[in-house]
Amino acid sequence: MYTIKDLQKQLEDMGLKHTDAVMIHSSMKAIGDVENRADGVIDALMDYFKDGLLMLPTHTWAYMDAENTFFDAVNQESCVGILTNVFRKRDNVVRSLHPTHSIAAFGPNAKEYVANEENAGTPAAPEGVWGRLPSVNAKIMLIGCNHIRNTFIHSVEEMLDIPNRIAKEGIEFTLKNDEVEVKRVFHKHHSEGMPHLSENYQKAAELFKNKGIVTEHKFGDATVLLMDTTELMLFVKDMLAIDRDVFSFRDALDTEKFIHLESKIK
């Protein structure tokens, strides 16, 4: 069984600082047997990053659609795992007001970071919580999962206005938390002829690793894929400059197209 101290030592061994901003996608099953189970994992993370900015996705895209348009940020369950639901209920954790791709955040500047997300309009808007991750020098940790769960790549594609990513028709959602209740129009993800588009991001996994964009570590029993958002953003932008459809199809990556690319911040 891993203790909270064990998990925090693993975070330290990754080179992570207590003041870092981190976005964590996670699989509790992959982490394994931990003291106090999911609560113990969240305790370890919140204590370690209490002086930084700890963020987990609390997505609800599986529930929210044209027939289900009321998003209650306080009570709506996340569809992306037990750790996200434990975290969002903790004291001093704030949740962004987004009907499909909200995040929960903790830290001195958490409330400021998630503010105005009700105006994002799309799943991973460049000016929203996903697109602004590089502005806070955030790192992404994929704990026991892979790039299929890497929402930030959606945001990079939005930055470059890659076609066939966003539904043309918007949906008016009612968004509510303890402070406000507003109506806003949002456009969900939609890719004609290619459902579950994010599955295509995984084909770049070996390239990211070989170029040093992603490094591998351990958290509990889980493999962690750790990356810097600025570095990932610049590299993916370079890939999309060469081939705007690199993630549009479920074919194997033509590595020769991108083998010459290098990280711009190392």
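N137 sits in the loop between α5 and β6 (139-143), where helices (H or I, at least four residues) and strands (E, at least two) are DSSP runs numbered from the N terminus. With a relative accessible area of 54%, N137 is exposed; the cut-offs are under 20% for buried, over 50% for exposed and partly exposed in between, with a 1.4 Å probe and protein chains only. N137 also has a positive phi of about 55° although it is not a glycine. Most residues other than glycine have a negative phi.

A word on the model before going on. It is a predicted one, in which local features need pLDDT of at least 70 and side-chain atom pairs count only at pLDDT 80 or more, while totals for chains, interfaces and linings use all residues. Residues are numbered from 1 along each chain as its sequence is written, and side-chain values use heavy atoms, with hydrogens and water left out.

R37 is another residue other than glycine with a positive phi, near 55°. Its place is in helix α3 (residues 37-48), and at 64% relative accessibility R37 counts as exposed.

**Around T229 and the cores**

T229 is buried, with a relative accessible area of 0%. Apart from neighbours within four places in sequence, T229 has contacts with L133, P134, N137, A138, I140 and F152, a contact being heavy atoms within 4.5 Å. A polar atom of the T229 side chain lies 2.7 Å from the backbone oxygen of A138.

Helix α8 also matters to the count of the largest nonpolar core. This core has 42 residues, and M55, F208, L232, M239 and F247 touch the most other members. Six residues, the largest share of this core, come from α8. A nonpolar core here is a set of buried Ala, Val, Leu, Ile, Met, Phe, Trp, Tyr and Cys residues joined through side-chain atoms within 4.5 Å. Not counting residues up to four places away in sequence, L232 touches I140, N150, F152, I153, F208, I213 and M227. A second, separate core of 32 residues includes I4, L16, I24 and A38. In soluble globular proteins, nonpolar side chains tend to be buried together.

**Two residues in loops**

D221 lies in the loop between β9 (214-219) and β10 (222-228). It is partly exposed, with a relative accessible area of 44%. Beyond residues up to four places away in sequence, D221 touches Y2, A30, I31 and G32. The C-alpha atoms of D221 and I31 are 4.8 Å apart, although 190 residues separate the two along the chain. The side chains of D221 and Y2 are joined by a polar contact of 2.6 Å. Such a contact is a pair of N or O atoms within 3.5 Å; within protein, one must be able to donate a hydrogen and the other to accept it, and residues adjacent in sequence count only if both atoms are side-chain atoms.

K188 is in the loop between β8 (181-186) and α7 (205-210). Leaving aside neighbours within four places in sequence, its contacts are W61, M64, D65, T100, P123, R165, I166, A167 and I171. From W61, the backbone oxygen lies 3.2 Å from a polar atom of the K188 side chain. The C-alpha atoms of K188 and T100, 88 residues apart along the chain, are separated by 7.5 Å.

**Pockets**

W61 turns up again in the largest pocket, as one of the lining residues nearest its centre. On a 1 Å grid over the protein atoms alone, a pocket is an open set of points where a 1.4 Å probe fits, with protein on both sides within 12 Å along at least five of seven lines; lining residues have an atom within 4 Å of a point. Grid points are joined across faces, edges and corners, and a volume is the space filled by probe spheres set on the points.

| Pocket | Volume | Nearest its centre |
|---|---|---|
| Largest | about 740 Å³ | W61, H101, H154, H196 and S198 |

The largest pocket is lined by 31 residues. The elements giving two or more residues to this lining are β1 (21-26) and α6 (151-159), and β1 has the largest share, three residues. By class the lining divides into 11 nonpolar, 16 polar and four charged residues. Here Ala, Val, Leu, Ile, Met, Phe, Trp, Tyr, Cys and Pro count as nonpolar, Asp, Glu, Lys and Arg as charged, and the others, Gly among them, as polar.
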